[in-house]
Amino acid sequence: MQSTERRKYRIKRRIIRRVIWRLTIYIAMAVILTAAWKVVSVTVRQTARKSGQEAIQDQTEKFASEDNSGLAKVSAGVKDILLVNKEHPLEDSYKPRLQKIKEYGVNVDSSIYEALNHMLHAGEKEGLSFWIASGYRSMERQRELLDEDIEELMQRGYSVSEAYEEVIKETMPVGCSEHATGLAVDIVAKDYQILDEKQARTEEIKWLQENCSQYGFILRYPKGKEDITKVSYESWHFRYVGVDAAKEIMSQGITLEEYLQFQEDR
């Protein structure tokens with residue numbers, strides 16, 4: 001009887017040892033995999049950042065070789081209208097004069113502060129409720145957003161170049177975003193703050209698109225003009241250009257690029 005009990009005890013002990021051994025192996029594997037994932041994640045992020053920087057550099061050199069400075073410019077025929085897009089990035093030294101809109105917790109260039117507030121207050125008097133989703137955005141923050149989007153696509157199987165080309169359809173390359181000027185804002189309905197196709201159907205966006213020019217703003221990336229702006233339709237992105245230019249641009253249904261070109265051709 002004692003011998004039987006001893007055998008049972010030995011069997012239980014062996015089972016417990018096996019369980020402990022397997023748990024130890026599983027824990028060690030989990031630790032190793034977690035560490036490996038962190039390394040891969042950092043490598044992907046660094047690779048994406050490097051790729052984005054190289055692509056921007058290649059793009060700048062391309063436009064420079066075509067007798068284009070490659071930098072954001074003020075149209076020779078239109079005073080104080082700054083053109084910023086994928087072909088005309090900002091200089092690294094560009095610094096807007098920022099002023100904070102405390103109500104929304106964002107900064108904008110001081111030159112548009114009053115016009116923006118007047119526009120939003122006018123809409124509020126009509127019973128609308130707005131939210132500024134984004135105002136000034138530094139080039140460093142733009143780089144972070146670009147890297148994050150590229151990394152996400154690479155994790156889904158895209159190559160670095162494929163991810164970069166796909167991302168810049170909606171997320172501007174570093175130095176090419178109007179948000180870095182402080183002259184552009186993303187405005188949404190306060191009760192629907194998602195930047196998607198449904199935003200265009202909110203009463204707030206409808207009102208803004210109909211009335212923004214009275215306050216010097218334009219819908220910067222209109223629908224059907226993607227071949228010119230190189231940016232997908234963004235119903236929420238408004239850019240300050242001054243009342244005269246804004247009224248002409250919005251009444252004719254043209255882009256800032258087209259307006260500036262027409263002015264230069266006159």
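Me: How many nonpolar, polar and charged residues are in the lining of the largest pocket, by class?

Reply: This is a predicted model, and within it the lining of the largest pocket divides by class into ten nonpolar, seven polar and 13 charged residues.

Me: How is such a pocket found, and what is the volume of the largest pocket here?

Reply: The general idea is that rolling a probe the size of a water molecule over the atoms shows where empty space is left. In this structure, the largest pocket has a volume of about 650 Å³.

Me: Which residues lie nearest the centre of the largest pocket, and which elements give two or more residues to its lining?

Reply: The largest pocket is lined by 30 residues, and those that lie nearest its centre are Asp149, Glu170, Thr171, Glu234 and Trp236. Two or more lining residues come from each of strand E5 (130-134), H3, H4 and strand E8 (234-240), and among these H3 gives the most, with six residues.

Me: Which residues of H3 and H4 meet, and how do they divide by class?

Reply: On the H3 side the residues are Leu146, Asp149, Ile150, Leu153 and Met154, and they meet Val160, Ala163, Tyr164, Glu166 and Val167 in H4. By class, this contact of H3 with H4 has eight nonpolar, no polar and two charged residues. Asp149, one of the H3 residues in the contact, is also one of the residues that lie nearest the centre of the largest pocket.

Me: Are H7 and H8 roughly parallel or roughly perpendicular?

Reply: The axes of helix H7 (residues 243-252) and helix H8 (residues 256-265) come within 10 Å and cross at roughly 110°, which makes H7 roughly perpendicular to H8. The crossing of H7 and H8 is right-handed. Ala245, Glu248 and Ile249 of H7 make the contact with Leu256, Tyr259 and Gln263 of H8, and the residues of this contact divide into four nonpolar, one polar and one charged.

Key: Residues numbered from 1 in each chain as written. Predicted model: local features only at pLDDT ≥ 70, side-chain atom pairs only at ≥ 80, totals over all residues. Heavy atoms only, no water. Contact = heavy atoms within 4.5 Å. Helix = DSSP H or I, 4+ residues; strand = E, 2+ residues; numbered from the N terminus. Nonpolar A, V, L, I, M, F, W, Y, C, P; charged D, E, K, R; others polar. 1 Å grid on protein atoms, 1.4 Å probe; cavity = no way out; pocket = protein on both sides within 12 Å on 5 of 7 lines; lining within 4 Å. Points joined across faces, edges and corners; volume = space filled by probe spheres on them. Axes fitted to C-alpha atoms, helices over the stretch in contact; angles between N-to-C directions. Parallel < 35°, antiparallel > 145°, perpendicular 65-115°, else oblique. Left-handed = near helix turned anticlockwise from the far one by under 90°.
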